[in-house]
Structures are given as C-alpha cells and as structure tokens.
Amino acid sequence: MSDDHFSSDAAALDARDPLAPLRDRFLTPAGTDLVAYFDGNSLGRPVADVPRRLQEFTERLWGDRLIRSWDEQWLDWPMRIGDRLGSLVLGAAPGQTIVADSTTVLLYKLCRAAVDAVAAADAASQRSGHDRRTEIVLDSDNFPTDRYILEGIAAERGMTLRWIEVDPTSGVTVDQVRDAVGPRTALAVFSHVAYRSGHLADGPGITAAVHEAGALILWDLCHSGGSVPVALDDWEADLAVGCTYKYLNGGPGSPAWAYVATRHQGHLRQPIWGWIGRRDAFDMGPGYVPADGIRSFISGTPPILAMVPLEASLDLIEEAGIDAIRAKSVQLTDFVIRLADELLGPLGVEVASPREADRRGGHVTLRRKGFREVTAALWSRGVIPDYRDPDGLRIGVSPLSTSFAEVATGMLALRDAVVEYDARA
C-alpha cells in the first residue's frame, strides 16, 4: 500500500473532524522544525492566547493592581480554577478540587493524610496487632513518583507496601485489586491510565473493590485529565491528584491539582501546615487550625502566575467538551494502531497498548529493540515521540492540537527511521 493512501485517509479523517478548527488555537512558532508532535502526553502545546494573557496579567493584575490583586481575586484562584477543572474534566462538584503545588507534593499530602486518618481510627477503636490497617496497596508499574512517595510514607509510618505485579503492556485489574486488598489495607493508590502502556483502568470497579475492603483509594489522573472523561463523584472516589502540563496544556512545571471528597474534609488533615491553609491566614497568630473545606489542603503561597496558561486551556476544553475530546482521542489512537500494524508490523514492531478503545487512554506504546536510538533519530528530524523502558516508544496524540495528517506523517517517518536503523545494525 502506498504512502499516499495513508495520507489520503488522514486527510479524509481531518475533513470530518469537528474539533479541527481548534488546532489553530495553539501556538506554532514561525520557522519551527516540528514535523509531528507525539509527546502531548508528557507536555502539551501552548494555547496561542497564552502570551497575550500573560502580558495582560503582568501589566494589569500585577503591574497595576500589585498586591491588591491578592485580596481582589488571587486568593480565590486555587479554589475557583479547581472548581472549573472539577466540573469540566473530573466529574467533581464544587468545593472538592484545588490547584496548588506539584503532583509529588500533593501526592504526599493526600496519602499521608489518608494513612494518618486510618491510623487514628484504628487507635480510637483500640485495634492492635494484626487488626490494624497497616498496608498500602499499589501496583508495580505505577509511575515512579507514586511508588517512591509511598515507599517514603511506609517508612515514616511503619507500614507495609503490598505490591500488585502487573504486565507492563496492560495494567491493574479489578480482580487483582480484590485479591490484594483486605482488612489490613489502609490505602490503595493506582493510575487511571498507565504511563507506559496507556491501559485504562476500571475506575468505578476498582474504587468499589477497595471500599468493600474498608480502605481508602487515591487515583493518579495525570494521564487522564483532559483526555479521558472521569467521574470522581460518581465513582465515590476518596482522593485524586493530577498534573496540568499534559493534556491540560498548562506548561512546564505548571501547578498540579488535588481532589478531596467532601465527606473527608475536616476529617483528613494534610501534614504540611502552611499559612495559607490556616483558618485565618492573615491573623498570623500562634498555632495551626486548618481552614474549612478544601482550602485546608493548601500550604504556602499558590503559584498564581502559572495558573494563567491553564485557564486558557480550560477555555478550549469547555468549548470542545470532554466527550468530544475523548471521541477524537479514540479515533487518533485507533489510527496510530492501524498504521503501526500496516507500516511497522512487518518490521517487527509490536503494539504494547490495549487494542480495545475502552481499555486504552490517550497514547499508544510501540515496542521493538532499538527504539531508544530510533527515538533520538526522530527528534533530530522534528518528529517527537518519547521513549520508555523496556524498548517502548510512546505515541502521545493530544486531541485538541493533533491532526490525522500529522499522525500519518510522523508514522511514515518512524517507519523510515526503523528501516535505517536496521540497515546500520
């Protein structure tokens, strides 16, 4: 089959794409060497309106209003933007989501708060020995930060990690969770979309399994937010965290978000007691009394400037609708898999992601020996995937900013790079 055939199919898909006009709302600098961007699941493209918004912020809210902007609006931004994120992306009612800190810091805060609350309940019930909930359940292929944070908390609190061993080409299942959790489980932590394979976990099913064991659950939604619809309230999730620089296009190092279900607020107390999270932040008095509601999970001064690009992205998400975004994501990843089979399968490339759309998030991982070197060669040519061990090349297609033509061009370049690698080997 000729290369023109794939390009023609891509053009037809682009012509039918209802989200196609939104691609022009992203910044593409003149003279860029970019040919195909396949790393939107690591760092999203900037919304074209961001430079204007940042200039307006600098000149008006910062330069003109100066410190008055804190009282006039900035102090409310973590909750206001959190509520908007919750409504548009997370399926969360108001008052449960904040934007603050990094994903790592928020993971630590929420996980420590959860295990401390469980330990307090054990003490109040006078449980001892084997009756206490001293285990944290996680899977072996969870993102490294999640694993490291939980290892540290287990060491701090004298707890045990119970590992679920998963195939890195798939992800954790409901049955595996049911087998792992039990009367000693305090907390379970899983990623909704696996960072390597793109496997989409059964959010409501796994949440129910953890709750049946009497434990709390925290969801890492870094690879879900802005790509896959989430319904935290409907799942009856306890806690969740996620970054904003992937499909939410917040920019490098943009602040993360945290979700704490209303029923846990006032009961869970996070361990980093900063002045903004105090009930009367400007009283500056002795002692720490947490603020009411979700604000108690903020510690220090929020990264206000870094929220400006995120709000621009939320405007696009609201315009498109998360269901339409998911529909295009499925089409894009289906197209990637089709091209992988037809162009790369004969070259020994395997699809290391679920083929069923309802079990797959927003990226596709391909596997073959030599992909580390192939990835470096592609970057030099303006085709930007990323590499993850073992031998995995991830194709991260962001629905709002990626065209089908871009996918076809990038996959054809990937085929050529593999052929060249084999010729040198």
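**Helix α4 and its surroundings**

Guide: The buried residues of helix α4 pack against α2 (50–62), β2, α9 (232–235), β8, α10 and α11 (322–344). Keep in mind that this is a predicted model.

Visitor: What makes α4 largely enclosed by the rest of the structure?

Guide: A residue counts as buried when its relative accessible area is under 20%. In α4, 11 of the 14 residues are buried, so the helix is largely enclosed. Among them are Trp77, Met79, Arg84 and Leu90.

Visitor: Where does α4 lie in relation to the strands?

Guide: Helix α4 (residues 77–90) lies across β2 and β8 (257–260), and its direction makes an angle of about 120° with β2. Just after the helix comes Gly91, with a positive phi of about 65°.

Visitor: What is the strand order of the open sheet?

Guide: The order of its 7 strands is β2-β8-β7-β6-β5-β3-β4, and the pairing is mixed.

Visitor: Why do β2 and β4 stand at the edges?

Guide: β2 (97–99) and β4 (160–164) each have a single partner strand, so one side of each has no neighbour in the sheet. On average, neighbouring strands of this sheet are turned by 20° against each other, direction ignored.

Visitor: How do you know that β3 and β5 pair?

Guide: Pairing requires at least two bridges between two strands. Strand β3 (residues 135–139) and strand β5 (residues 185–191) have 4 bridges, in the parallel sense, so they count as paired. Val137, for instance, has Ala188 in β5 as its bridge partner.

Visitor: Which helix lies across β5 and β6?

Guide: That is α8 (residues 203–212), which runs at about 155° to β6 (216–220).

Visitor: Why is Asp175 called exposed?

Guide: The cut-off for exposed is over 50% relative accessible area. Asp175 has 54%, so it counts as exposed. Asp175 is found in helix α7 (residues 174–180). Between Asp175 and Ile206 there are 31 residues of separation in sequence, and their C-alpha atoms are 8.5 Å apart in space.

Visitor: Why is Leu305 called partly exposed?

Guide: Partly exposed covers the range between buried, under 20%, and exposed, over 50%. The relative accessible area of Leu305 is 40%, so Leu305 falls in that range. Leu305 is placed in the loop between β8 and α10 (307–320).

Visitor: Which residues make the nonpolar surface patch?

Guide: Trp62, Leu66, Ile67 and Leu305 make the patch, which has an area of about 440 Å². A patch residue needs over 30% relative accessible area, and Leu305 has 40%.

Key:
Residues are numbered from 1 along each chain as its sequence is written. This is a predicted model: local features need pLDDT of at least 70, side-chain atom pairs count only at pLDDT 80 or more; totals for chains, interfaces and linings use all residues. Side-chain values use heavy atoms; hydrogens and water are left out. Helices (H or I, at least four residues) and strands (E, at least two) are DSSP runs, numbered from the N terminus. Axes are lines fitted to C-alpha atoms, for helices over the stretch in contact, and angles run from 0 to 180 degrees between N-to-C directions. Contact means heavy atoms within 4.5 Å. Patches are made of residues with over 30% relative accessible area and no salt bridge: like charges are joined within 9 Å, nonpolar side chains (Val, Leu, Ile, Met, Phe, Trp, Tyr) within 5 Å. Accessible areas come from the Shrake-Rupley method with a 1.4 Å probe; for residues, only the protein chains shown count as cover. A salt bridge is a side-chain nitrogen of Lys or Arg within 4 Å of a carboxyl oxygen of Asp or Glu. Buried means under 20% relative accessible area, exposed over 50%, partly exposed in between (1.4 Å probe, protein chains only).
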